[in-house]
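Dear colleague,

Please find below the structure I am handing over to you, together with its sequence. My findings follow directly after it.

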Amino acid sequence: MTDTQPSTEPSGSTASLENLLHETRSFPPSPEFAAQANAQPGSYEEARANRPEFWAKQARELVTWKTPFTETLDWSGAPVARWFADGTLNAAYNAVDRHVENGLGDRVALHFEGEPGDTRSITYAELQREVARAANALAALGVTVGDRVVIYLPLLVESVVAMLACARLGAPHSVVFGGFSADALRSRIADAEATLVITADGGYRRGAPSALKPAVDEAIAPREGDSETTVRHVLVVRRTEQEVAWTEGRDVWWHEALEAADTFHEPAWVEAEHPLFILYTSGTTGKPKGILHTTGGYLTQVAYTHKNVFDLKPETDVYWCTADIGWVTGHSYVVYGPLLNGATQVLYEGTPDTPHRGRWWELIEKYKVSILYTAPTAIRTCMKWGEDIPGQFDLSSLRVLGSVGEPINPEAWMWYRRVIGADRTPIVDTWWQTETGGIMISPLPGVTAAKPGSAQVPLPGIAADVVDDEANPVPDGGGGYLVLTEPWPAMLRGIWGDLERYKETYWSRFEGLYFAGDGAKKDEDGDIWLLGRVDDVMNVSGHRLSTTEIESALVSHDIVAEAAVVGANDETTGQAVVAFVILRGEHANRASDAEGAAQVQEELRSHVAKEIGPIAKPRKILVVAELPKTRSGKIMRRLLRDVAENRAVGDATTLADSSVMDLISAGLNAPSAANED
Ligand code: WT7
């Protein structure tokens with residue numbers, strides 16, 4: 001089912017991406033912005049002169065160490081790096097306590113805004129007490145240094161507290177996005193061998209409470225063929241007051257456990273390379289990878305990038321990153337980066353259109369948000385809703401805008417700048433990955449003349465390049481694969497429990513280079529333009545999904561014999577999941593009329609939602625009689641993408657049976673299952 005060889009063709013449509021490179025607009029920083037900017041043009045040169053030393057300087061300035069480090073980078077165990085290895089520290093102490101010790105206890109850390117409109121502002125001093133209490137509560141449940149804790153929560157203050165409580169104990173957290181299914185949760189709990197799960201009764205989603213606890217119950221229930229769960233306790237936050245099933249002795253209410261706990265807790269001082277978290281992400285195979293991040297290097301890079309890329313002035317800025325903590329953006333730029341820098345930020349539980357389509361802009365006006373970090377999908381959705389909606393709110397507090405998760409098309413970039421940023425704010429298009437831990441390629445506000453649609457330059461201390469099939473750097477104007485050529489502090493330290501897979505996935509394509517999985521081009525100035533994934537990874541609304549994982553989910557359904565999944569271009573979500581399935585013999589005629597096909601589609605869509613989560617549901621499922629395969633049996637997704645994007649089917653000469661595509665196209669023109677939801 002996999003086609004692991006990367007092809008030079010990006011998953012997006014090349015035609016529109018070619019146009020990108022004819023983009024000539026450029027927005028130099030205003031003299032006023034440049035004069036006050038945190039980022040300094042000299043940093044590039046300084047870092048180039050001695051990259052490890054540059055990071056060591058940041059580590060000393062931005063992070064507080066219990067024991068100072070004397071070693072900077074040890075790359076002798078490549079590709080597993082060790083940064084600042086003989087230093088000791090604690091992530092939660094750095095995020096919270098030291099600010100209180102420095103007299104900043106009264107500063108608001110989080111302005112929480114629940115979807116139903118309930119609010120709560122929590123200062124650093126309050127956060128410190130909550131985290132200490134939670135750490136004591138977790139310890140009372142037997143959690144100790146090195147234990148893994150799975151967090152399955154909506155975006156709440158408690159979610160931030162839970163992550164920091166784990167960090168305080170030196171117990172790596174593994175946050176699983178609340179939109180993932182019980183099955184997805186089950187496999188992540190099992191892989192991490194977690195002993196505790198922190199969840200909630202439910203959360204609010206589009207105006208209604210939606211339950212979470214039942215998925216946890218299902219995920220840890222005994223199942224034939226599975227070994228017994230490692231989970232000893234489930235800690236439950238009360239959010240929606242829904243009825244919950246309760247297992248005495250195992251389940252514990254969060255509020256009761258915290259009430260009983262002391263507000264003093266001595267942090268666990270851990271070594272810089274102690275695991276801070278595991279975060280599962282999709283790869284090119286069916287099994288999600290547990291990306292492992294450690295403490296010292298990670299904190300250094302997220303603090304440095306958060307301060308410089310967003311120009312954070314903690315005394316005056318109000319920062320808002322719209323990501324959920326279930327993704328790496330939430331880890332690095334909701335929790336660790338901003339809190340390490342003592343920022344005041346907005347935390348919003350809900351969706352942009354609940355209860356109305358102006359909710360985000362209303363929040364920006366209300367809290368006078370000055371830095372906004374969001375995804376291109378959200379920007380394109382707002383574009384579609386029309387500029388009169390943001391036009392009704394006072395957005396004049398904004399001074400820096402950020403974008404992350406997928407390539408941002410120049411139209412969306414221009415709209416973001418003009419409508420949201422009043423033609424005044426710098427925009428930072430930040431390229432990075434779960435694996436990189438922190439931002440890697442981005443303009444620096446106040447320094448870089450920004451180009452709409454390009455992430456442009458590796459940050460100071462980061463070395464990236466675009467190479468051809470033979471690993472040769474391409475000349476300016478050329479295209480190929482994005483690689484990272486030197487180790488960086490926040491880089492992943494491996495895949496949990498599978499070092500071989502780490503080496504194989506990232507380090508085997510090009511000797512000594514980290515292969516990111518993205519296609520990229522260099523323009524005439526040497527600036528980098530990201531072109532989308534070149535492997536079997538899709539990007540839907542900035543969420544990473546694996547074609548293989550969805551294919552596996554589909555074929556696990558009784559009626560499916562074979563499945564092929566592709567990411568088709570989509571104006572709003574970047575890509576959309578389109579599946580082609582062959583039904584098993586006895587079910588083959590179920591999709592012979594429109595009604596039957598619609599039924600099959602619905603059945604399979606819910607099956608994928610159950611196996612992985614609603615975010616992975618295919619937009620369209622097309623029932624076909626054959627799939628296009630090469631003579632060696634590889635599915636030619638390129639051709640299926642042509643079909644999914646309503647294009648003329650490309651070169652099919654390497655197909656084992658060249659009539660297959662005619663068959664598929666003919667089938668599609670008949671009444672089909674291709675209804676959208
Ligand atoms: C993939 C990583 C980084 C946090 C959110 C996603 C794509 C990310 C950009 C950007 C073009 C981007 C890449 C990358 N991507 N940011 N600014 N421009 N593409 O993290 O889920 O690990 O996904 O997202 O394809 O490989 P992730």
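**An enclosed helix**

Helix α14 (residues 376-385) has 8 of its 10 residues buried, so the rest of the structure largely encloses it. Buried here means under 20% relative accessible area, against over 50% for exposed and partly exposed in between (1.4 Å probe, protein chains only); helices (H or I, at least four residues) and strands (E, at least two) are DSSP runs, numbered from the N terminus. Please note that this is a predicted model, in which local features need pLDDT of at least 70 and side-chain atom pairs count only at pLDDT 80 or more, while totals for chains, interfaces and linings use all residues. Residues are numbered from 1 along each chain as its sequence is written, and side-chain values use heavy atoms, with hydrogens and water left out.

The buried residues of α14 are P376, T377, A378, I379, R380, T381, C382 and W385. Their cover includes α13 (359-367), α15 (388-391) and α16 (410-420), as well as the strands β18 (371-374), β19 (400-404) and β28 (574-583). After α14 comes G386, with a positive phi near 105°.

**The sheet**

β18 and β19 also belong to an open sheet of 7 strands, ordered β5-β4-β17-β16-β18-β19-β20 with mixed pairing; two strands pair if DSSP finds at least two bridges between them. Because β5 (119-123) and β20 (427-430) are the edge strands, each with a single partner, one side of each has no neighbour in the sheet. β18 and β19 run parallel, paired over 4 bridges, and T374 has S403 in β19 as its bridge partner.

**The ligand**

R544 places a polar side-chain atom 2.7 Å from an oxygen atom of the ligand, and a polar backbone atom of E406 is 3.4 Å from a ligand nitrogen atom.

With kind regards

Technical notes. Contact = heavy atoms within 4.5 Å. Polar contact = N/O pair within 3.5 Å; in protein donor to acceptor, adjacent residues only side chain to side chain.
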